[in-house]
Each structure stands twice: as structure tokens, then as C-alpha cells.
Amino acid sequence: MARIIDGQDMNIIGDRVRQLRMERRLSQQKLSDKLEVLAIYICRGSISRIEEKRRTVTDIELYGLAQVLGVSIESLFEAPVDKR
């Protein structure tokens, strides 16, 4: 069966999640803790794997990430902005 995503990446939002998390000065653990309040359980290690594109993201996790990071789901799919 063909994969939707080409290459080795397991998701397409990892870079954007990392950028938004860092802009909000959240550690991976703090992001995990905030998701847990929404009954979405993603451990710190899984946050790391999402950001490294080594883990897939479910629809409920996508919803939770958008809620906690304060953005629309659609914006998670935007390319990260280099602010150097």
C-alpha cells in the first residue's frame, strides 16, 4: 500500500510544532502536561519523536496540539518561519 507521505518522515507538522512550542517558551514536558489536561496523553519522548518526524500524529493529538499551542489546525501544516 502506498504511503501518503514520501520519504522517511512520519508526519509533516513536526518542524512547525517545534517552532510554535519554542516561541511559546514551552518545554516538551510542559507541552505534554498541558495536553494531559485535555485528556490527550503524549509523553515528552513522543513529543520529541513528533518534532523529529519519527512518529505519526492522530487526529485527536492534532486537535490537542493546536489547542495548546493556540493556533488553528491548518496552521500546523504551514512551513516554519526562519526568524534569524
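In this predicted model, S32 counts as buried because its relative accessibility is 6%, which falls under the 20% limit applied to buried residues. This serine belongs to helix α2, and a polar atom of the side chain of S32 lies 2.6 Å from the backbone oxygen of I42. When residues up to four places away in sequence are not counted, S32 touches I42 together with C43, R44 and I47.

G64, L65 and V68 are part of the meeting of α2 with α4, in which L31, K34 and L35 of α2 face G64, L65, V68 and L69 of α4. The residues of this contact divide into five that are nonpolar, one that is polar and one that is charged.

Two packed helices are described by the angle between their axes and the distance between the axes. For α2 and α4, the axes come within 10 Å and cross at roughly 110°, and the two helices are therefore roughly perpendicular to each other.

The largest nonpolar core holds 17 residues, among which V17, L31, L35, L65, L69 and L76 touch the most other members. Two or more residues of this core are given by each of α1 (14-23), α2 (28-37), α3 (44-51) and α4 (59-69), and the largest share, five residues, comes from α4.

Definitions and conventions:
Residues numbered from 1 in each chain as written. Predicted model: local features only at pLDDT ≥ 70, side-chain atom pairs only at ≥ 80, totals over all residues. Heavy atoms only, no water. Core = buried A, V, L, I, M, F, W, Y, C linked by side-chain atoms within 4.5 Å. Buried < 20%, exposed > 50% of the residue type's maximum accessible area, 1.4 Å probe, protein only. Helix = DSSP H or I, 4+ residues; strand = E, 2+ residues; numbered from the N terminus. Polar contact = N/O pair within 3.5 Å; in protein donor to acceptor, adjacent residues only side chain to side chain. Contact = heavy atoms within 4.5 Å. Axes fitted to C-alpha atoms, helices over the stretch in contact; angles between N-to-C directions. Parallel < 35°, antiparallel > 145°, perpendicular 65-115°, else oblique. Nonpolar A, V, L, I, M, F, W, Y, C, P; charged D, E, K, R; others polar.
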